Amino acid sequence: MTEHYDVVIIGAGAAGMMCAIEAGKRGRKVLLLDHAKKIGEKIRISGGGRCNFTNINTHPDKFISSNPSYMISALSRYTYKDFIKLLDKHNIKFHEKKLGQLFCDGSAQQIIDMLRSECDLAKVVLQSGISIHNIEKDNNKFQTKTNDKTYLSESLVMATGGLSVPKIGASKFGYEVAKQFKLNIIETLPALVPLTFSETLLEKCKELSGLSVEAMVSFKKKIFKEGMLFTHRGLSGPSILQISSYWKLGQNIEINLTPQLDILDYLQFRKKENPKQEILSIVSEVLPKRLAVILCNDCNISGRIADLPKVTINKLSNSINNWRINPTGTEGYRTAEVTLGGVDTKELSSKTMMSKNNEGLYFIGEVVDVTGHLGGYNFQWAWASGYVSGQYV
Ligand SMILES: Cc1cc2nc3c(=O)[nH]c(=O)nc-3n(C[C@H](O)[C@H](O)[C@H](O)COP(=O)(O)OP(=O)(O)OC[C@H]3O[C@@H](n4cnc5c(N)ncnc54)[C@H](O)[C@@H]3O)c2cc1C
């Protein structure tokens with residue numbers, strides 16, 4: 001059986017639904033297909049169930065891409081304020097948690113319901129739980145083939161997302177279709193992902209499990225000053241997730257455990273002011289005691305500060321202000337929030353999101369080589385790329 005549409009969109013996630021709504025509003029006959037039974041699953045599990053749906057500090061410098069100017073046009077044509085207008089229309093309340101991150105007051109399901117109802121208004125035909133076998137192009141029409149049907153369309157939009165969390169629907173399909181149509185793929189890697197560590201470091205992390213500090217974590221010139229969490233699996237928390245998107249295997253990450261304080265200056269000052277005070281008690285004033293104990297033990301340092309040689313104080317200061325760790329890897333796509341890399345944006349129009357060499361073929365959202373920092377930027381990219389493509393498909 002064959003059915004005709006103007007636009008077929010594969011992937012009913014954030015970007016696909018936004019594109020469907022916009023195309024439908026223009027009067028295009030739109031079919032939105034997803035192989036998962038439940039659509040918008042990543043929205044549902046995002047932001048701890050409250051969806052960090054955008055960030056008021058959205059700027060191209062919050063994104064990673066081998067073509068760093070690609071996202072500028074879309075982000076300027078659909079901003080966080082546009083998404084807020086949509087939330088206001090649906091009376092969805094939200095708040096800023098920190099660093100410009102906007103979350104729903106209620107649940108992430110409100111966003112999914114809002115997008116579904118906008119799809120209905122725009123007369124989008126939505127089908128979930130549909131396996132797509134393959135895509136072909138013939139006589140300027142795309143053929144999307146399922147078990148029992150072929151859908152013909154002028155435009156085909158790949159909005160299949162990245163590779164993270166495969167158990168809720170992530171697949172390679174978008175990348176495979178890109179390759180089929182001879183588009184280049186920038187190597188994909190898990191990002192915004194917890195890192196893994198050697199046994200020695202892991203033992204320490206286990207002892208400190210549950211403890212969190214405000215740390216400055218850096219890799220080369222990239223610096224993030226956010227929370228860092230010790231867990232029984234290693235180090236995590238926002239600053240570690242952020243740096244994971246930049247870190248390269250085999251190289252060190254530097255951690256400053258007291259970014260607000262030059263610990264060497266401080267210890268020298270305290271040595272003059274309170275020479276009889278125990279080093280552990282001084283360090284415990286600026287760091288949680290459990291961490292202070294481990295740091296002092298590691299440097300083999302105890303007793304009164306006055307009795308400690310300069311070289312020992314230097315060693316301790318270094319381990320606090322310049323702690324170097326060498327991760328052994330990442331936890332991979334199972335726990336990653338996003339996928340780094342993807343469809344090479346040099347092959348796409350930044351105005352329309354269409355492939356430069358394949359008329360009618362579009363790539364949007366996370367499947368593209370545009371990856372946001374933690375904090376609502378990835379959804380803003382999904383909304384913006386969905387919105388602009390929806391004006392042209
Ligand atoms: C745990 C977690 C928490 C997150 N929290 C946040 C957050 O708070 N803020 C933020 O900005 N970002 C967050 N992200 C990232 C964000 O969810 C994604 O960047 C965003 O959903 C990407 O949108 P998308 O539409 O491109 O892809 P998706 O939302 O992943 O949608 C892709 C859709 O395509 C479908 N699909 C895949 N393959 C096929 C196929 N072969 N056939 C048919 N359909 C297919 C999938 O079922 C899915 O419905 C989080 C991610 C995770 C995993």
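**Helix packing and ligand contacts**

The axes of helix α11 (residues 289-298) and helix α12 (residues 310-321) cross at roughly 135° and come within 9 Å. This is a predicted model, where local features need pLDDT of at least 70 and side-chain atom pairs count only at pLDDT 80 or more, while totals for chains, interfaces and linings use all residues. Residues are numbered from 1 along each chain as its sequence is written, and side-chain values use heavy atoms, with hydrogens and water left out.

A quick word on terms: helices are DSSP runs of H or I with at least four residues, numbered from the N terminus. Axes are lines fitted to C-alpha atoms over the stretch in contact, and angles run from 0 to 180 degrees between N-to-C directions.

**α11 and α12**
- These two are therefore oblique to each other (roughly parallel is under 35 degrees, roughly antiparallel over 145, roughly perpendicular 65 to 115, and oblique the rest).
- The α11/α12 crossing is right-handed (the near helix is turned clockwise from the far one by less than a right angle).
- Leu-295, Cys-296 and Asp-298 of α11 meet Lys-315, Leu-316, Ser-319 and Ile-320 of α12, with contact meaning heavy atoms within 4.5 Å.
- That set divides into four nonpolar, one polar and two charged residues (Ala, Val, Leu, Ile, Met, Phe, Trp, Tyr, Cys and Pro are nonpolar; Asp, Glu, Lys and Arg are charged; the others, Gly among them, are polar).

**α1 and α13**
- Helix α1 (residues 14-25) packs on helix α13 (residues 377-390) at about 30°, with the axes 7 Å apart.
- That angle makes α1 roughly parallel to α13.
- Their crossing is right-handed.
- Residues making the contact include Ala-14, Ala-15 and Met-18 of α1, along with Phe-379, Ala-382 and Trp-383 of α13.
- By class, the α1/α13 contact has nine nonpolar, four polar and one charged residues.

**α4 and α5**
- Helix α4 (residues 80-89) and helix α5 (residues 109-121) pack at about 85°, their axes 11 Å apart.
- That makes α4 roughly perpendicular to α5.
- Phe-83, Leu-86, Leu-87 and Lys-89 of α4 touch Ile-111, Met-114, Glu-118 and Leu-121 of α5.
- The α4/α5 contact counts six nonpolar, no polar and two charged residues.

**Around the ligand**
- There are 32 residues around the ligand, and Ala-15, Asp-34, Ser-171, Glu-366 and Phe-379 come nearest (near means a heavy atom within 4 Å).
- A polar backbone atom of Ala-14 sits 3.1 Å from an oxygen atom of the ligand.
- A ligand nitrogen atom lies 3.2 Å from a backbone N or O atom of His-35.
- For Asn-52, a polar backbone atom is 2.9 Å from a nitrogen atom of the ligand.

Notes: A polar contact is a pair of N or O atoms within 3.5 Å; within protein, one must be able to donate a hydrogen and the other to accept it, and residues adjacent in sequence count only if both atoms are side-chain atoms.
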